[in-house]
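Hi there,

Here is the structure I promised to pass on to you. Please open it and keep it beside this email while you read.

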Amino acid sequence: MILRDGNRLTVQGAVTIDNVVTVTEQGVALFDRDDLVIDLAQVTEADSSTVSMLLEWQRKARSHNRQLHFTNLPKTLKSLAQLYGVSELIPLV
C-alpha cells in the first residue's frame, strides 16, 4: 500500500515478487505532479524485485521530468542495492 501526503509517498507492508507489479503500478500512478520523496521506513519485507521497482520508478519519473528521492531504506534493501551495484542509482535523502 502507498499513502500520499503532499510530495511524500509512504510505502507500507511487504514489497516482494508476490505483489511488486501492483505496488509499482500504484506508485507510478502517483507521479502526476512535483518531485517526490518516497519513504520506505514502513516496508516490512523486501527482495530483489523491490530493487527493480525502485529503478523502474526512477525511470518512469525521469520520463515525466520528475525527480524521486528515497528515504529510510531498510537495511536489507540497502544491502541488495549494493550487492547488485545499483545503490548509486537510488538517490537518498
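Below are some notes on a sheet and a helix.

This is a predicted model, in which local features need pLDDT of at least 70, side-chain atom pairs count only at pLDDT 80 or more, and totals for chains, interfaces and linings use all residues. Residues are numbered from 1 along each chain as its sequence is written, and side-chain values use heavy atoms, leaving out hydrogens and water.

Helices (H or I, at least four residues) and strands (E, at least two) are DSSP runs, numbered from the N terminus. Two strands pair if DSSP finds at least two bridges between them.

In general, strands of a sheet pair through backbone hydrogen bonds, either parallel or antiparallel. Here, strand 3 (residues 36-46) pairs with strand 4 in the parallel sense, over 4 bridges. Within strand 4, His69 is the bridge partner of Val37.

Now for helix 3 (residues 75-83): which of its residues are buried? They are Leu77, Leu80 and Ala81, where buried means under 20% relative accessible area and exposed over 50%, with partly exposed in between (1.4 Å probe, protein chains only). These buried residues pack against strand 3 and helix 2 (48-63), with contact meaning heavy atoms within 4.5 Å. On the other side of helix 3, Lys75, Gln82 and Leu83 are exposed. Just after helix 3, Gly85 has a positive phi of about 70°.

Happy exploring!
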